[in-house]
Amino acid sequence: MPLLTIMKRRARALLAVLAAFMLLPAPALAMRVSPMVIEMESRGTDATARIEVQNINPGNLAFETRVFRMEIAADGTITETPADEEFLVFPPQGVLPAGGRQVVRLQWLGPAEPDTSQAYYVSVEQLPVALEPSTVDSVAAQVQILYNMRALVVVAPPGAEPEVTATTVKQVNYQPPALPGATEQPPMQDGVEITLTNEGRRHAMMSNFSWQLVGKDKEGKWLRVDVSPEELNRAIGTGFVPAQGERVFRLPVPGFGPDPIELSFKQ
């Protein structure tokens with residue numbers, strides 16, 4: 001079979017699997033927060049940033065902001081610690097009318113020369129507001145759904161750079177996470193497990209790159225799969241690798257056999 005045909009088939013299989021991550025129903029959110037990812041530096045003009053909160057609800061939207069320091073383990077487990085004192089956030093609270101917008105300004109208050117990058121969540125939490133009396137039932141019977149949206153904020157030392165290498169790349173059969181609301185676990189997935197190690201002082205957002213996987217398929221034939229930044233964002237989010245840390249990612253890329261797999265990154 002021609003090599004180009006094999007590669008096209010592999011690419012179609014990858015796209016079909018990654019498309020499953022897009023089938024989640026979009027909730028009717030009451031607010032919008034942008035941007036969702038912010039990279040800052042510990043001094044200079046980049047020590048400040050802006051987040052815009054928009055009310056897309058028909059009624060008033062009351063909100064407050066909270067900051068949490070985030071430690072992320074190799075398997076993606078996140079430990080959060082309140083860290084409001086490390087930023088000046090203005091305004092910390094607000095009330096927006098329907099369609100209203102508010103710019104929230106962030107100012108880094110931590111050390112000017114931290115050893116490494118540090119990640120935070122800036123949480124924008126909807127607060128309850130007084131409800132209009134219902135024409136059918138009492139106010140007490142009404143229900144409010146309060147939303148909490150989070151922006152990832154990373155503060156890096158000026159001039160620091162990441163140094164990311166792929167220390168392990170191998171074929172695995174793994175259990176994908178269940179979709180929200182699902183009562184059964186999805187079937188086992190044929191894919192690739194990748195361990196990335198960052199020896200630099202700055203974090204890395206690895207889904208900003210294209211990834212190229214080269215190895216052999218289960219029949220011992222040469223196989224190459226290119227994964228675009230868009231596909232990576234759907235599968236692993238930002239691909240965040242902490243400074244002087246490690247992350248393990250699993251990609252739904254079927255077809256590779258037990259032979260060694262090489263991984264390279266392209267801007």
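Residues are numbered from 1 along each chain as its sequence is written, and side-chain values use heavy atoms, with hydrogens and water left out. Because the model is predicted, local features need pLDDT of at least 70 and side-chain atom pairs count only at pLDDT 80 or more, while totals for chains, interfaces and linings use all residues.

The largest pocket holds about 830 Å³ of space; a pocket is an open set of points on a 1 Å grid over the protein atoms alone, where a 1.4 Å probe fits, with protein on both sides within 12 Å along at least five of seven lines, and its volume is the space filled by probe spheres set on the points. Its lining consists of 26 residues, counted as those with an atom within 4 Å of a point, and Ala235, Ile236, Gly237, Arg247 and Phe249 lie nearest the centre. Strand E4 (61-72), helix H2 (229-236) and strand E17 each supply at least two lining residues, helices being DSSP runs of at least four residues and strands of at least two, numbered from the N terminus. The largest contribution, four residues, comes from E17.

Glutamine 212 belongs to strand E14, which spans residues 210-216. This residue is classed as buried because its relative accessible area is 13%, the limit for buried being under 20% and that for exposed over 50%, with a 1.4 Å probe and protein chains only. Leaving aside residues up to four places away in sequence, glutamine 212 touches Arg224, Val225, Asp226, Glu262, Leu263, Ser264 and Lys266, contact meaning heavy atoms within 4.5 Å.

Most residues other than glycine have a negative phi, and most peptide bonds are trans. Glutamine 244, in the loop between strand E16 (240-241) and strand E17 (245-251), has a positive phi near 50 degrees, and is exposed, with a relative accessible area of 53%. The peptide bond from serine 34 to proline 35 is cis, with omega near -5 degrees, and proline 35 sits in the loop between strand E1 (31-34) and strand E2 (37-41). Phenylalanine 90 and proline 91 are also joined by a cis bond, with omega about -10 degrees, and proline 91 lies in the loop between strand E6 (87-90) and strand E7 (93-96).
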